[in-house]
Each structure stands twice: as C-alpha cells, then as structure tokens.
Amino acid sequence: LNMAKMAGSYFCTKCMKLEKCNGCGLPSKGSKISDGREICGSCQNLGMNDSEKANKMYLEIKKMLAGKFKIETTEDLPFSLIDKAELLKIRPNTSNMDRGLYRQNEVSNEKGVKHIKDRHIYILSYLPENHFRNVVAHELMHNWQANNYPQITDLKLIEGLAEYLAYLFNLEENDEDLAQRKLENQDSIYGEGFRMVKEWDQGNGIQDIKDKLIELYGKPKQK
C-alpha cells in the first residue's frame with residue numbers, strides 16, 4: 001500500500017485525493033459547514049469556535065509577541081472570530097487558502113495628510129488551536145509592518161515577514177509541524193517570501209530581520 005506523509009501523519013494515496021479540510025489542511029472525510037467550507041470531524045468538534053476563548057488567546061499572543069520578540073502592535077487592536085461568509089463580505093477576493101485577514105483603512109485629513117484608521121484582525125472559525133495561534137501571530141506581524149514600514153508594497157516581502165514571525169512563534173511553541181510546513185511551502189508569495197526573509201536571519205532571530213529592514217528602509221516610523 002502506497003502511503004504519503006503529510007504533517008507528521010501517513011495517508012494512503014486514495015485519501016490524499018480527498019478534499020483538504022479548511023481548518024487543519026489535512027485530507028478530509030468531513031462535510032461542508034454552513035459557510036461552504038470543508039471541515040473535518042476533528043476540527044468541527046475541537047476547532048476554535050468560541051469567541052470569548054479566542055479573544056483571550058489572541059490577547060495572550062499579542063502580549064507574548066511584544067515581550068518575547070519586541071513586536072509591539074497597535075494598542076486595543078480589535079479582533080473578531082468569523083466564518084467564511086463574513087470574511088467574503090469584508091474582502092470579496094478571499095481565496096480558499098486564507099485563514100485570516102488584517103485590514104486597515106487609509107484616510108486623508110483636510111490638509112491631505114494620510115493616516116491609518118479602523119485597524120482590525122479577522123480569523124476564521126474552526127481552526128485547530130495551534131493553527132489559530134499561528135494565524136494570530138501572522139496577522140499581528142502585518143499590523144507591526146504596516147505601522148513601522150508602511151512604505152513596503154512588495155507582497156512577497158509583506159507575507160514573508162508575517163510568515164517568518166509566525167515561524168519563530170511556531171519554534172517557540174515547539175510546533176514542529178507548522179514550522180515544517182513553512183519550510184516546505186512552495187507558494188510563490190508565501191513560500192518564497194518566507195525563505196527570502198529567513199535568509200536575513202544570521203542567528204539572532206527577529207533582531208536580524210529588524211536590522212535588515214533598517215538597512216533597506218531606514219528606521220521604523222513608529223517610535
């Protein structure tokens with residue numbers, strides 16, 4: 001029997017052809033939920049679907065990133081746990097791969113000076129807890145980058161920074177599975193962006209990344 005390894009588990013070639021769960025990303029024998037996503041039985045039963053618990057965990061991770069990695073994000077940055085239908089209303093071009101979204105609006109005052117308002121993080125429900133935590137770290141890095149280096153417009157770099165911070169977070173949490181997925185990701189934006197940023201790390205983690213950003217773009221905008 002031919003078997004394939006995925007995320008630390010082995011699946012037969014028949015199972016590998018099944019639709020992937022939108023929560024854990026593994027081959028699924030689950031069912032489609034009300035918003036149209038394929039969600040396996042495990043994610044339906046154990047995935048993050050409690051807004052109060054999710055918000056508590058979000059704040060915990062936000063505090064941890066500020067303390068451990070010195071990634072300080074917008075104070076009182078709101079967070080919402082939502083389903084796919086709600087996410088599509090916010091961003092109609094959301095792909096099947098998207099698990100979360102950092103959104104902000106840029107407005108100009110009467111003098112033409114631009115500033116950011118209405119920052120918000122949205123994350124899909126029914127993600128396994130470790131996947132939820134991973135997406136929180138990723139989206140918070142988008143907020144940090146937008147606050148400190150708003151001049152960056154290269155999507156590969158934007159996603160690469162978010163993925164690399166999430167990778168360091170995975171390692172901190174001993175989540176070898178999600179860390180390995182990033183190393184193996186062949187996506188032209190997320191995977192290549194991650195590897196580009198990873199090359200900047202000379203052994204000092206996020207500090208090397210910050211130093212490289214200063215070299216390329218100057219000091220961060222946020223004090």
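Which residues does Lys221 touch, not counting residues up to four places away in sequence? I looked this up and found Asn147, Asn148, Pro150 and Gln151. I took a touch, or contact, to mean heavy atoms within 4.5 Å.

Before going on, I noted what I was working with. The model is predicted, so I kept in mind that local features need pLDDT of at least 70 and side-chain atom pairs count only at pLDDT 80 or more, while totals for chains, interfaces and linings use all residues. Residues are numbered from 1 along each chain as its sequence is written, and side-chain values use heavy atoms, with hydrogens and water left out.

**Lys221**

I placed Lys221 in the segment after α9. Helices (H or I, at least four residues) and strands (E, at least two) are DSSP runs, numbered from the N terminus. Lys221 counts as exposed because its relative accessibility is 55%. The scale I used calls a residue buried under 20% relative accessible area, exposed over 50%, and partly exposed in between, with a 1.4 Å probe and protein chains only. I also checked Glu139, which is 82 residues from Lys221 along the chain; their C-alpha atoms are separated by 19 Å.

**α9**

I then checked the length of α9. Its 12 residues should span 16 Å at 1.5 Å a residue, and its end C-alpha atoms are 16 Å apart, so the two agree. The expected span is 1.5 Å times one less than the number of residues. Buried residues in α9 are Ile206, Asp208, Ile209, Lys210 and Leu213. Their cover includes α5, α6 and α8. Just after α9, I found Gly218 with a positive phi of about 90 degrees.

**The nonpolar cores**

I looked next for nonpolar cores, meaning sets of buried Ala, Val, Leu, Ile, Met, Phe, Trp, Tyr and Cys residues joined through side-chain atoms within 4.5 Å. The largest has 42 residues, and Leu65, Phe132 and Leu161 have the most contacts inside it. Two or more residues come from each of α3 (51-68), β5 (79-82), β7 (114-124), α5 (129-148), α6 (155-172), α8 (190-198) and α9 (206-217). The most come from α6, which gives 10 residues. I listed the contacts of Phe132, leaving aside neighbours within four places in sequence; among them are Met48, Tyr58, Phe79 and Ile123. A second, separate core has eight residues, including Cys24, Ile33, Ile39 and Tyr126.

**Ser125**

Last, I found Ser125 in the loop between β7 and α5. Is Ser125 buried or exposed? Ser125 counts as buried, because its relative accessibility is 5%. With neighbours within four places in sequence left aside, its contacts include Arg37, Asn49 and Asp83.
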